[in-house]
Amino acid sequence: MQIKDAWFTVEKIDDITFAISEYGHWEQVHSYLLIGAESAALIDTGLGIDHIKRITDQLTKLPIIVITTHVHADHIGSHDAFETIYVHEADADWLKHGIKGLPLEQIRKDMARNITIPVPDTFNPNIYKPYQGEPTGLLGDGDIVELGERSLIIYHTPGHSPGHICIFDTKKRYLFTGDLLYTGTPIYAFYPSTNPIDLVNSLEKIAGMKAVAKIYGGHNDLEMDASLLDEVQEAVIELRKQDVVRHGTGIHRFHRFSVQF
Ligand SMILES: [Zn+2]
Ligand SMILES: [Zn+2]
């Protein structure tokens, strides 16, 4: 399977798991397609600069359930192309009505800057609007999304957003961490809408997961070794010990990742 595409980079993680990445944009966003026996899950839908459905159509004919790690513009870009959309209940209002206090001009600026490859003709940053719509289903902590011979467990991991979730694929033992955990650039918990205490609690929650084989985040490096969770555990202890778990304390660097409060 080789997909040549002007905007997206498709990487085959294994026979039934694909990463769909947007390396031409400074945010280096990853979405993931997980194929089961009866349906497929698309974890996030990217920036919306180009149409991710063009890619998923080539990878599967199964019905697709979109699972939203959280409602930020860079993760819901192509939601409008899909019929079934799940989101955690605590982010559902943002999906329906947008994020209060976040100016559209700011979103457009961030969407249009530092792009290193040609964008499609259909992308116009001046009229770009993040997806808004009614979700098909609401997710809660411990929920299971069944794809047929492949079950996904939902972990509520607030902090970066109130309804942020991580997704554990029990078949392959992959943990999809969205914007709770990635390497390369700081994890963002400095916006007014973020909650540093919740974020650290959420990091502690995933650090305790024993069955994880690989970690896949929402940005930058595609694949992270499960040993990163040991480092997360130490970081949680260190952040609390230093008493810096609040807005305004800046960037806190660890060996493989960093957090900005
Ligand atoms: Zn985010
Ligand atoms: Zn993001």
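Q: Which residues of H4 meet which residues of H5?
A: In this predicted model, Val200, Asn201, Leu203, Glu204, Ile206 and Ala207 of H4 meet Leu229, Val232, Gln233, Val236, Leu239 and Arg240 of H5. The word contact requires heavy atoms within 4.5 Å.

Q: What describes the way the axes of helix H4 and helix H5 cross?
A: The axes of helix H4 (residues 196-207) and helix H5 (residues 228-241) come within 8 Å and cross at roughly 145°, and the crossing of H4 and H5 is left-handed.

Q: What makes the arrangement around the zinc ion (ligand 1) irregular?
A: The protein donors of the zinc ion (ligand 1) are His70 (NE2), His72 (ND1), His160 (NE2) and Asp179 (OD), which lie 2.1 to 2.4 Å from it. Four donors count as tetrahedral if all angles lie between 85 and 135 degrees, whereas the angles subtended by the 4 donor atoms here run from 89 to 174°, and the arrangement is therefore irregular.

Q: Where in the chain do His72 and His160 lie?
A: The donors of the zinc ion (ligand 1) follow the spacing H-x1-H-x87-H-x18-D along the chain. His72 lies in the loop between strand E5 (64-67) and strand E6 (84-88), and His160 in the loop between strand E9 (151-156) and strand E10 (165-169), so that the pair, 88 residues apart, links distant parts of the chain.

Q: Why are His72 and His160 called buried?
A: Buried means under 20% relative accessible area; His72 has 10% and is therefore buried, and His160, with 2%, is buried because its value also falls under that limit.

Q: Which residue bridges the zinc ion (ligand 1) and the zinc ion (ligand 2)?
A: Asp179 bridges the two ions, which lie 3.3 Å apart.

Q: How do you know that E11 is mostly covered?
A: Of the 5 residues in E11, 5 are buried. Both faces of E11 are covered, with Tyr174, Phe176 and Gly178 buried on one side and Leu175 and Thr177 buried on the other.

Q: What are the senses in which E11 runs with E10 and with E13?
A: E10 and E11 run antiparallel and are joined by 3 bridges, with Asp169 opposite Tyr174 of E11. Two strands pair if at least two bridges are found between them, and E10 and E11, with 3, therefore pair. In their hairpin, which has 4 residues between the strands, Arg173 takes a positive phi near 60°. E11 and E13 run parallel and are joined by 4 bridges, where Phe176 stands opposite Tyr216 of E13.

Q: What makes strand E1 and strand E7 stand at the edges?
A: The open sheet has 7 strands in the order E1-E2-E3-E4-E5-E6-E7, with mixed pairing. Strand E1 (9-14) and strand E7 (137-139) each have a single partner strand, so one side of each is left without a neighbour in the sheet. The twist averages 25° from one strand to the next. E6 and E7 pair in the parallel sense over 3 bridges, and Val87 has Leu138 of E7 as its bridge partner.

Q: Why does Leu95 count as buried?
A: Leu95, in helix H2 (residues 92-97), has 0% relative accessibility and therefore counts as buried, the limit being under 20%. Leaving aside neighbours within four places in sequence, Leu95 is in contact with residues including Val71, Ile76, Ile85, Val87 and Tyr131. The C-alpha atoms of Leu95 and Val71 are separated by 6.1 Å, and the two residues are 24 residues apart along the chain.

Terms used: Residues numbered from 1 in each chain as written. Chains lettered and ligands numbered in written order. Predicted model: local features only at pLDDT ≥ 70, side-chain atom pairs only at ≥ 80, totals over all residues. Heavy atoms only, no water. Donors = N, O, S within 2.8 Å, 3.2 Å for Na, K, Ca; no water. Tetrahedral: all angles 85-135°; square planar, octahedral: opposite > 155°, others 65-115°. Helix = DSSP H or I, 4+ residues; strand = E, 2+ residues; numbered from the N terminus. Buried < 20%, exposed > 50% of the residue type's maximum accessible area, 1.4 Å probe, protein only. Axes fitted to C-alpha atoms, helices over the stretch in contact; angles between N-to-C directions. Left-handed = near helix turned anticlockwise from the far one by under 90°.
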